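Please keep the sequence and the structure in view while working through the numbered points.

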Amino acid sequence: MVTGGCGYIGSHTIIELVQSGRYEVVSVDNNVRSTPETMRRVERITGVKVPNYKVDICDKAAFFKVFEENPDIQGIIHFAAYKAVGESVEQPLMYYRNNLGALANVLEACLHFGIQALIFSSSCSVYGDVKNLPVSEKTPMGQAFCPYAHTKQIGEEMIRNMMVPNPSMNALILRYFNPVGAHISGMNGELSPDKPNNLVPIIMRVASGKQPSMQVFGTDYDTRDGSCIRDYLHVSDIADAHVKAMDYLLEHRNQEQCEVFNLGSGNGISVMEMLAAAEEVVGHKLNYTVGGRRAGDIPAIYGDSSRANTLLHWNCRYNVHDMMESAWKWEQYLDSEGSH
Ligand code: WQD
């Protein structure tokens, strides 16, 4: 089971699960932040019709019915959550209720239906502002800079605490850095809201003329070119890590009941470098102005994913050029579909 399967990372993970040839998948997604159309894109790419149960995971009775209808579920990959940083500051309760309420029902389903493999979608934002880089799994959680990040910190603790009374449960916590890009076919990608917050969707809106220009939020940071550094990685690489993580759990290769993995490329890339990579792909200059810093941004963060490389046998296949090229292909695909 993939919760949030109609979402950005969820749908790319379903594609990789299906194409691995080892998994049959059901999705649970109430589509409040996604569209059922995504499952048709998954079908066009994989040739497989993956069912999506349009269910709110916070509705325990409805959520449990999915397990009754699919008694042979072996594992759950839990993506479904709200994840907009700014919105979480404005509406913290909506975030705590949705993100933690859903996770509580997922954990209760694991117990009730004997599901022994849980993979939890966490985020590098649990580290807060880190001084010594790269970040390893041993880096302690810092002060969460927003309620969204706080729900990921609490979620991780909920999972860890559930392991104690339930010896048959196993969980992997995957902390993503910055997933970007689209499926290499250009036929699935991020359906960002009309006013996206993240860097790459905004770059693509400028590149395709949907917005006249964009702002670089500060070039006065203490980094190599003054702009913020992040660990961007291709969404299909993140997706592939989930397949390898489920293999790891179902093959009982985990040493402890609950293990944490960073999923990053290990390379820090700056905003200006991302803009340069995008200009190379789209073939023209991008209109941007340098503005003030954005509240909540940290100067630099990038990960050390050697644990995932070694134990999950996972490595990034795509580089920043591939990330931009796939994002651009997807942007043009959407324009041709006229569904933007
Ligand atoms: C990246 C850099 C901006 C837009 C967030 C969440 C994180 C995760 C990924 C959920 C920053 C700069 C951006 C623009 C810019 N989400 N930028 N101009 O903030 O690293 O991470 O998304 O899991 O939890 O915090 O990603 O893409 O928003 O920003 O200069 O128009 O691009 O200042 O330095 P971020 P981002």
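1. The shell around the ligand is taken up first. Helix α7 and strand β8 (214–217) each supply at least two residues of this shell, and β8 gives the most, with 4 residues. Helices (H or I, at least four residues) and strands (E, at least two) are DSSP runs, numbered from the N terminus.

2. Two remarks on the source are needed. This is a predicted model, in which local features need pLDDT of at least 70 and side-chain atom pairs count only at pLDDT 80 or more, while totals for chains, interfaces and linings use all residues. Residues are numbered from 1 along each chain as its sequence is written, and side-chain values use heavy atoms, with hydrogens and water left out.

3. Which residues come nearest to the ligand? Of the 20 residues around the ligand, these are Y148, L199, Q215, R230 and D297; a residue belongs to this group if one of its heavy atoms lies within 4 Å of the ligand. The shell divides into 10 nonpolar, 6 polar and 4 charged residues. In this count, Ala, Val, Leu, Ile, Met, Phe, Trp, Tyr, Cys and Pro are nonpolar, Asp, Glu, Lys and Arg are charged, and the others, Gly among them, are polar.

4. Individual atom pairs may then be examined. The side chain of Y148 places an N or O atom 2.6 Å from an oxygen atom of the ligand. For L199, a backbone N or O atom lies 2.8 Å from a ligand oxygen atom, and for Q215 a backbone N or O atom lies 2.8 Å from a ligand nitrogen atom. The protein covers 90% of the 690 Å² of accessible area that the ligand has on its own (Shrake-Rupley method, 1.4 Å probe).

5. Just after α11, G338 takes a positive phi of about 70°.

6. Which residues of α11 are buried? They are M323, M324, S326, A327, W328, W330, E331, Y333 and L334 (buried means under 20% relative accessible area, with a 1.4 Å probe and protein chains only). Their cover includes α2 (37–46), β7 (178–180), α7 (199–207), β10 (232–234) and α9 (271–282).

Notes: Buried means under 20% relative accessible area, exposed over 50%, partly exposed in between (1.4 Å probe, protein chains only). Contact means heavy atoms within 4.5 Å. A polar contact is a pair of N or O atoms within 3.5 Å; within protein, one must be able to donate a hydrogen and the other to accept it, and residues adjacent in sequence count only if both atoms are side-chain atoms.
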